[in-house]
There are 2 protein chains.
Amino acid sequence: MSMIHHFIGDPSKNDYCWKGVQAEVISTEEVKDIAKHILVGPEDGTPSFVMRYFQVPVGGQTFFHTHAHEHGMLILHGQAKIQIKEEWSDLSPLDAIFVAGGDLHRVVNTGNEPLGFICVIPKLGS
Amino acid sequence: MSMIHHFIGDPSKNDYCWKGVQAEVISTEEVKDIAKHILVGPEDGTPSFVMRYFQVPVGGQTFFHTHAHEHGMLILHGQAKIQIKEEWSDLSPLDAIFVAGGDLHRVVNTGNEPLGFICVIPKLGS
């Protein structure tokens, strides 16, 4: 069934949240306080892909990892560097990124504000 | 192979473009001057989904149509209404939408500025 998740946050306060979307906070030894919001996903009945929003705090980064599925990413706010295999690239809002399956990668928040981006994966990779 | 398409436009001028991405302008009897940019897609080697940016001019709308594949959408800028089957909903920036396969739908720009949104589809629907 089709579904709309209205944005109910306030970007001026780095408050990103959506109606009907429960954020999950990921903290491990490797990453701290990454917020994950599934904007379009299994609960909506999506058959083939999942669209997530991630927020990485100042000084934080995502897992440095690899997996068989690919990522399609779009930076929404903040400044970042991405490492894909051996190569580092600067990222700014609206930059679009394809991370191929199997490529080791991580995203580092290099700015003074939280970093936010959209990350799409195939459903099998969710 | 992984790929980055850096944003090289100027949002303050409603200029949205990306390095290495060729925009396509769609004009038919039904829709006028819709710009489509494939941000992550077959040319990048994506195996399972395609991430596109669409810009709809003031007064414009997308096709009122249905198809077997689903959409995952995120409004980036502008104001809109979406019709899904019989129901209309207002949309603002950062609203996330899942349009299920088979649901008749269209997006109408209701604002005084161009409307821009991300639309993800499975690769078979591209």
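Predicted model: local features only at pLDDT ≥ 70, side-chain atom pairs only at ≥ 80, totals over all residues.
## Getting started

Residues are numbered from 1 along each chain as its sequence is written, and chains are lettered from A and ligands numbered from 1 in the order in which they are written.

## How the two copies are related

Two copies of a chain are related by a rotation about an axis and a shift along it.

## Chain A on its own

Helices (H or I, at least four residues) and strands (E, at least two) are DSSP runs, numbered from the N terminus. Chain A has zero helices and 10 strands, so its elements run β-β-β-β-β-β-β-β-β-β from the N terminus on.

The radius of gyration is taken over C-alpha atoms, and the globule rule is 2.2 Å times the number of residues to the power 0.38. For 126 residues, a compact globule would come out near 14 Å; the value for chain A is 14 Å, which agrees. Along the principal axes, the C-alpha atoms of chain A fill a box of roughly 40 × 35 × 30 Å. Buried residues make up 41% of the 126 residues in chain A; a residue is buried if 20 or more other C-beta atoms lie within 10 Å of its own, exposed if 12 or fewer, and partly exposed in between, with C-beta atoms placed from the backbone.

## Where the chains touch

Two residues are in contact if their C-beta atoms, placed from the backbone, lie within 7 Å. By this rule, 35 residues of chain A are in contact with 35 residues of chain B. Several strands of chain A give two or more residues to the side that touches chain B, including S1 (3-5), S4 (49-56) and S10 (115-122). Which element gives the most? It is S8(A), with four residues.

By class, this side of chain A has 22 nonpolar, nine polar and four charged residues. Ala, Val, Leu, Ile, Met, Phe, Trp, Tyr, Cys and Pro count as nonpolar, Asp, Glu, Lys and Arg as charged, and the others, Gly among them, as polar.

## A sheet built from both chains

Two strands pair if DSSP finds at least two bridges between them. Seven strands form an open, antiparallel sheet in the order S1(A)-S8(B)-S5(B)-S10(B)-S4(B)-S3(B)-S2(B). Its edge strands are S1 of chain A and S2 (24-26) of chain B, each of which pairs on one side only. Ignoring direction, neighbouring strands of this sheet are turned by 25° against each other on average; axes are lines fitted to C-alpha atoms, for helices over the stretch in contact, and angles run from 0 to 180 degrees between N-to-C directions.

S8 (residues 96-99) of chain B is joined to S1(A) by three bridges, and the two run antiparallel; within S8(B), B:Ile97 is the bridge partner of A:Ile4. Four bridges join S5 (residues 71-77) of chain B to S8(B), also antiparallel, with B:Phe98 as the partner of B:Gly72. In a regular strand the side chains alternate between the two faces of the sheet. Both faces of S8(B) are covered, since B:Ala96 and B:Phe98 on one side and B:Ile97 and B:Val99 on the other are all buried.

## A detail in a loop

Most residues other than glycine have a negative phi. A:Asn14 has a positive phi, near 55°. This residue lies in the loop between S1 and S2 (24-26) of chain A and counts as partly exposed because it has 16 C-beta neighbours inside 10 Å. In chain B, B:Asn14 also has a positive phi, of about 55°.
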